[in-house]
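Me: Please show the sequence and the model. I will then ask about them.

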Number of protein chains: 2
Amino acid sequence: MSKLYGNAVVGQSGGPTAAINATLAGVIRGVIEINQRQGAIGKLYGMRNGIEGLMQERLVDLGIFAEDEQKLSALELTPAAALGSCRKKLPKHEDDPAFYEQLLAVFKKYDIRYFFYIGGNDSMDTVSKLSAFVAESGYDMRVMGVPKTIDNDLEGTDHTPGFGSAAKYVATTVSEIIRDAAVYTTKAVTIVEIMGRDAGWLTTSASLGRLANGDEPDLVYLPEKPFCMDEFIESTKKALDKHPSVVVAVSEGIRFADGTYVGAGAQSGVKDVFGHQYLAGTGKALEYAVRDRIGCKVRSVELNVSQRCAGHLVSATDIADSVAIGRAAAIAAEQGESGKMMLYRRISSAPYACEFDCADVHEIANKIKCVPDEYINAEHNGITDACLAYLRPLIEGERYPKYVSGLPEQIIL
Amino acid sequence: MSKLYGNAVVGQSGGPTAAINATLAGVIRGVIEINQRQGAIGKLYGMRNGIEGLMQERLVDLGIFAEDEQKLSALELTPAAALGSCRKKLPKHEDDPAFYEQLLAVFKKYDIRYFFYIGGNDSMDTVSKLSAFVAESGYDMRVMGVPKTIDNDLEGTDHTPGFGSAAKYVATTVSEIIRDAAVYTTKAVTIVEIMGRDAGWLTTSASLGRLANGDEPDLVYLPEKPFCMDEFIESTKKALDKHPSVVVAVSEGIRFADGTYVGAGAQSGVKDVFGHQYLAGTGKALEYAVRDRIGCKVRSVELNVSQRCAGHLVSATDIADSVAIGRAAAIAAEQGESGKMMLYRRISSAPYACEFDCADVHEIANKIKCVPDEYINAEHNGITDACLAYLRPLIEGERYPKYVSGLPEQIIL
C-alpha cells in the first residue's frame with residue numbers, strides 16, 4: 001500500500017462515556033507519533049459535534065496537545081465527548097447526493113485524507129456509508145471507526161472502550177447500595193435500574209461483588225430473556241424469606257414474552273432519530289408491582305447518566321485499552337486500512353491480555369452482540385461465574401483524576 | 001468530676017452516610033486510647049441496629065479492632081452503618097416506663113457507663129430522652145450524641161460529619177452531568193434532584209464547580225425559599241437563550257408559597273415514624289413543566305441514595321473530621337460530659353481549621369439549621385460566593401478505599 005499524505009480529522013458521536021476522550025487522546029497520541037517520525041499524517045483536526053460540525057467546518061486544531069503531556073493526560077480522564085457529539089444519521093447516498101458532495105468539498109478544502117470516528121453502533125453506520133461513498137467517488141481517504149459504548153454490544157470485538165469504566169461504576173455503586181439497604185431490619189426491596197436497551201452487559205456487572213466481598217444482588221434480569229412478573233414476585237418473596245434486604249438489578253430494556261417493554265407504562269413516547277424508543281420507568285414498574293403484590297417497603301434507584309460520565313471512577317484497564325485502540329487506529333490507517341472498525345481480541349483473562357485487530361465495518365454496523373446463554377443462569381435471573389470471569393479484568397485497576405478545589409479537573413475544548 | 005469506671009456502647013441511627021463508620025472508628029480509636037492509658041472505659045460494645053438491637057442485647061465486641069489498624073482504616077471508608085441502623089423513636093418516659101426499665105436492665109447487665117449515639121436530628125432526640133431518664137433514675141451513665149447527617153441541618157455545629165463527602169459527591173456528579181449534557185447542540189434542560197427535605201445545604205454544593213472549572217448549574221432552587229413555577233420557566237427560557245444546555249439543581253423538598261411540595265403530585269403518601277412525608281418526583285414535576293411549557297428536550301436525574309453511601313468518593317477533610325469527632329466524644333465522656341452533642345466550631349476557612357466543643361443536646365434536638373439568606377442570591381435561584389467559601393474546605397482532599405478485584409474493600413460486621 002502506497003503512502004497517502006494529508007491531514008486527518010477525528011470526531012465523536014453518540015452518547016458520551018467516561019472513556020471516549022481517552023480514545024480521542026489515543027488518536028492524538030498516534031498522530032503525534034506519526035508526525036514525529038515524519039510519517040504520512042500532517043495536521044489533526046477535531047470536528048465539533050461529529051459529522052454535523054464537520055459539515056459546518058467547525059474544526060479545532062488538536063495540535064494544541066502536541067507539547068502538553070499534562071493536558072493530554074487530563075483529557076484521558078475527562079468524561080463525555082470533549083469535541084461534542086451528534087446523533088446525525090447519514091442519508092443514503094442516492095437519497096441525498098448533495099449532502100455527500102458538500103462533505104467531499106470540506107475534505108478537499110482541508111486536504112483531509114484520514115477520517116476517524118469514535119462511536120457506537122450508529123456511528124459505525126456513518127463510517128460504513130462514508131467509506132462506501134469515498135471508495136465510489138474516487139477521493140482517496142481512509143475512514144476508520146473506533147468503537148465506543150458503555151453497552152458493550154458491538155459485534156466482532158471482545159469488549160468496547162468505555163464499558164469497563166461503566167461496569168466499574170455500576171458494580172461499585174450497586175455494592176454501596178447493598179450496604180446502604182442492609183442497615184435496617186425491616187423487610188425491604190431495592191430495585192436498581194441499569195442502562196441497557198437491547199443487551200444486558202452493564203447489568204451483569206452488578207454481580208461482580210461476588211468476587212470481592214461476596215455481596216451481590218439477589219436477582220438480576222437482562223433484556224436477553226423474557227421477563228415474567230409472576231416469577232419475579234415469587235423469587236423476590238423467596239429472597240425476602242432468607243434475609244430482610246433484597247436487592248434486584250434490572251436492565252432498562254427488559255421485555256415481557258410478548259415483546260412489550262416492562263417499563264412501557266412509564267414510556268415517554270419519544271423516539272430518537274434511529275427509531276429507538278425512549279424508555280423510562282422499568283425500575284418504577286417493578287417497584288409498583290412489589291408494593292401491590294408483596295406490600296413490603298420498596299424503592300427503585302435509576303443509576304442514570306452517571307453510568308456513562310462518572311470520570312471520577314474509571315477502570316484503569318478500560319482507560320489504557322481506550323487510549324491504545326485510538327492510537328492503533330491512527331497507525332492502522334496510515335498503514336493502509338480503511339472502512340474498518342478497530343477491535344480487541346482477548347488472548348487471556350488471567351493475566352489479562354488483548355491484541356488489536358480491525359474488521360470490515362459493513363459487517364459490524366447495525367448488529368447487536370447480546371449476553372450469551374452461558375453467562376445467564378438456568379432460572380434467567382442471575383449471572384454465571386463464567387460471565388464474571390469475562391468481566392473481571394475489564395474493571396480492574398484504578399486511575400484517579402487530578403482534583404482542583406476538591407473537584408476533578410476537566411479539559412474543556 | 002470523679003472518674004466513672006465501666007464499659008461503653010456505641011450505636012448508629014438514622015439514614016446511612018459515607019462517613020458514619022468513620023465516626024464509629026473514631027469512637028473506637030478514642031476508647032482504645034483510653035484503654036491504653038488505663039483510663040476509665042473498659043470494653044466497647046457496638047449495638048446492632050441502634051437502640052432496637054440494644055434492647056435485644058444484640059451486641060458486638062468492638063475489641064476486634066484493637067490490634068487491627070488496617071481493618072479500622074478500612075472501616076473509616078466503608079459506607080453505610082456497619083453496625084446497622086434503626087428509625088426507632090423513643091417513647092416519652094411517662095408513656096412507657098417499662099421500655100426504660102428494660103433498657104436500664106441491659107445497661108446494668110453489661111455494666112454500661114458510657115453511651116455513644118451517632119445520628120442525625122432524630123437520633124439526638126433519643127440522646128436527649130435517654131440522658132434525661134438516666135439523670136432522673138440515678139443510674140450513673142454518660143450519654144453522648146455524635147452528629148451525622150448529609151443534610152448539614154443540625155443546630156449549633158459549623159457542619160455535620162458526612163456532609164462534606166455527600167457534598168463532594170454531589171458537586172462532582174453535577175460537574176460530570178454538566179459535561180454530559182453539553183455534548184449536543186440541541187436545546188435541552190437537565191434537572192438534577194438532590195436530597196434535602198427541609199434544608200438545601202446539599203443542593204448548594206452543586207454550585208462548587210464555580211471555584212474549579214467555572215461550570216455550574218444555571219439555576220439552583222432550595223427549600224428555604226418558596227418556589228414559583230412561572231419564575232422557574234422564565235429563568236429557564238432566559239438561560240436557554242444564552243446556551244443550548246441548561247442544568248438546574250433542585251432540592252427534593254422545595255415548596256410552593258402555599259407550603260405544598262412541588263413534588264406532591266408524585267408523592268407516595270408514605271410517612272416515616274417521625275411523621276416526615278416521603279417525597280419523590282420533584283425533579284419529575286419540573287421535567288413535566290418544562291416539557292409542557294417550553295417544549296424542548298428535557299430529562300430529570302435523581303441522584304438518589306448514592307449521595308449518602310458513595311464511599312468511593314469521599315472528602316478527606318470530612319473523613320478526618322468524622323474520625324476526630326468520634327474520638328473527641330469518647331474523651332469528653334471520660335472527662336465527665338453527658339447529655340451533650342459533640343460539635344465543630346470553625347476557626348478559619350483558609351487555611352481550614354476547626355475545634356471541637358459540645359452543647360446541651362436538649363437545645364439542639366428537633367431543630368433545623370437552614371441555609372441563611374446571605375448564602376442565597378437575590379433572585380432566590382442561585383448560590384452566593386459567601387456560601388461557596390463556607391463549603392469549599394469541607395469537600396477538599398481525596399481519600400480512596402483499597403480496591404479488591406476492582407471493587408472497594410468494605411468491612412462487614
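Reply: Helices (H or I, at least four residues) and strands (E, at least two) are DSSP runs, numbered from the N terminus; the expected span of a helix is 1.5 Å times one less than its number of residues. This is a predicted model, in which local features need pLDDT of at least 70, side-chain atom pairs count only at pLDDT 80 or more, and totals for chains, interfaces and linings use all residues. Residues are numbered from 1 along each chain as its sequence is written, and chains are lettered from A and ligands numbered from 1 in the order in which they are written.

Me: How far apart are the end C-alpha atoms of helix H4 of chain A?
Reply: H4(A) covers residues 97–109, which makes 13 residues. At 1.5 Å a residue the helix should span 18 Å. The distance in the model agrees with this: 18 Å.

Me: Which residues of H4(A) are buried?
Reply: A residue is buried if 20 or more other C-beta atoms lie within 10 Å of its own, exposed if 12 or fewer, and partly exposed in between, with C-beta atoms placed from the backbone. By this count the buried residues of H4(A) are Tyr100(A), Leu103(A) and Phe107(A).

Me: What covers the buried residues of H4(A)?
Reply: Contact here means that the C-beta atoms of two residues, placed from the backbone, lie within 7 Å. The cover includes helix H2 (50–55), strand S4 (112–119) and helix H5 (121–137) of chain A.

Me: Which residue just after H4(A) takes a positive phi?
Reply: The phi angle in question is about 50°. The residue that takes it is Asp111(A).

Me: How many residues of domain 2 of chain A are in contact with domain 1 of chain A?
Reply: By an automatic or database domain assignment, chain A is divided into domain 1 (6–150 + 313–363) and domain 2 (163–309). Their centres, taken over C-alpha atoms, are separated by 34 Å. Domain 1 of chain A contributes 18 residues to the contact, and domain 2 of chain A contributes 15.

Me: Which element supplies the largest share of the side of domain 1 of chain A that touches domain 2 of chain A?
Reply: Strand S10 (314–315) and helix H11 (316–334) of chain A each supply at least two residues of that side. The largest share is three residues, and it comes from H11(A).
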